[in-house]
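Subject: Structure for you to look at

Dear colleague,

I am passing on the structure we spoke about, and below it you will find my notes on what was found. Please read them with the structure open beside you.

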Amino acid sequence: MSAKTQRGRRRVLHAVTVTALLAGSAYLTVALRAEEQTTAPAIPAVTDEAGLKSPLTRGLSGDLTWERLRSPARSVLRGEKGEVFATFTDGARTATLTGRSRTFTEPAATRSRIVTDNWVRMMPEPWRKGAEKEKWFKDWFKDNFGSEKDDLFAMAFQYVAQAPVKQDAAGVGYAGDANYGPIAAHGGSGAGQRLEESDFYDYLGIPYTFRDGTSMQPERARARSMDCSGFIRAVLGYRAGYPLRADDRRGDGLPRTANGMARSGLGADVVPLTGSAPAFARPASIDVLQPGDLVFFKLEARTEERLDHVGMYLGNDSDGHQVFISSRQEVNGPTIGDKGGTSRLDGNGYYASALRSAKRL
């Protein structure tokens, strides 16, 4: 056999091997997506208007239509086969777009995996009926649909255990493994536990001036730390650009605490707070939840009528459980982990039983 013939056979064998590997990879990706979709809860919806032709045809193939749905009021962009490309909720600035499938994991704290094609992004204005015809939205959609720049999910996972440090041009570490807070001094109340009240500027280690002119100084002991609401403010506010308040009282931005966020008039209350204080009622159903929603909990009796924990809903993990991410004392920082209570909203576990409301910001 000639050398030329041998080289030709090796090229054919190499091509066959690469094709087989690519086919196997594609099969696994499709299988994971199919598994997730079959376990995802159905979202009940009532159609108000359908069949409205979309002006946003650039970059999207096929015939697109807008559909108006209720509970909550929202606009859904669908493809010609009925597939959902994007969802926009009245009064909310977060939008859920369909894009490339990704997998999020946190091996240090859990075996749970989130395989999702949802990309949650922040719009410059709250959604309203008919906004698909407005220039601001067309410009935003053109820049963001199909983009793979960091979205809220990517940002959130940049603070879990072992996440690498990222610095801006000024050398400020704006991402990387975050703590929940410093450990309380021995001898006092709560000695040995991690302290609350670490905000995003404590994590950054820089002074921060809010829109109302209030300036806050970071505490050195709280460097690289943020509690549950501080974590949400870091992702949605400092990173994604949602306005922030200095506290729960002043200003028109996102409040400082979980309770302040839950009770604010911001966004859309997709799971309203019901029942009587201080315990309130567990929601009868959470099927309406959408990736990116803020979820609020009542965990401790000492906080009386205040809701005392907040996280971000991620959707279903590969086992079919509804999972959220939050900054927690037990795991010492942002996590989807299992220590101190599995991060699931379905079933009757610690966090599922303590869930009280949800907001689409």
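Strand β14, which covers residues 322-328, pairs with β15 in the antiparallel sense over 3 bridges, and within that pairing Ser 326 has Thr 335 of β15 as its bridge partner. Please keep in mind that this is a predicted model.

Both strands belong to an open sheet of 6 strands, whose order is β11-β16-β12-β13-β14-β15 and whose pairing is antiparallel. At its edges stand β11 (268-271) and β15 (333-335), each of which pairs on one side only, and neighbouring strands of this sheet are turned by 30° against each other on average, if direction is ignored. Helix α5, residues 228-239, lies across β12, β13, β14 and β15, and runs at about 55° to β13.

Elsewhere in the chain, strand β2 (residues 65-69) is joined by 5 bridges to strand β3 (residues 74-78), and the two run antiparallel, with Arg 68 standing opposite Ser 75 of β3. They form a hairpin with 4 residues between them, and in the turn Ser 71 has a positive phi of about 55°. In a regular strand the side chains alternate between the two faces of the sheet.

As for the protein in general, it has 7 helices and 16 strands, and 48% of its 361 residues count as buried. The protein exposes about 17,500 Å², of which carbon and sulfur atoms supply 52%.

Definitions and conventions. Residues are numbered from 1 along each chain as its sequence is written. This is a predicted model: local features need pLDDT of at least 70, side-chain atom pairs count only at pLDDT 80 or more; totals for chains, interfaces and linings use all residues. Side-chain values use heavy atoms; hydrogens and water are left out. Two strands pair if DSSP finds at least two bridges between them. Buried means under 20% relative accessible area, exposed over 50%, partly exposed in between (1.4 Å probe, protein chains only). Accessible areas come from the Shrake-Rupley method with a 1.4 Å probe; for residues, only the protein chains shown count as cover. Axes are lines fitted to C-alpha atoms, for helices over the stretch in contact, and angles run from 0 to 180 degrees between N-to-C directions. Contact means heavy atoms within 4.5 Å.
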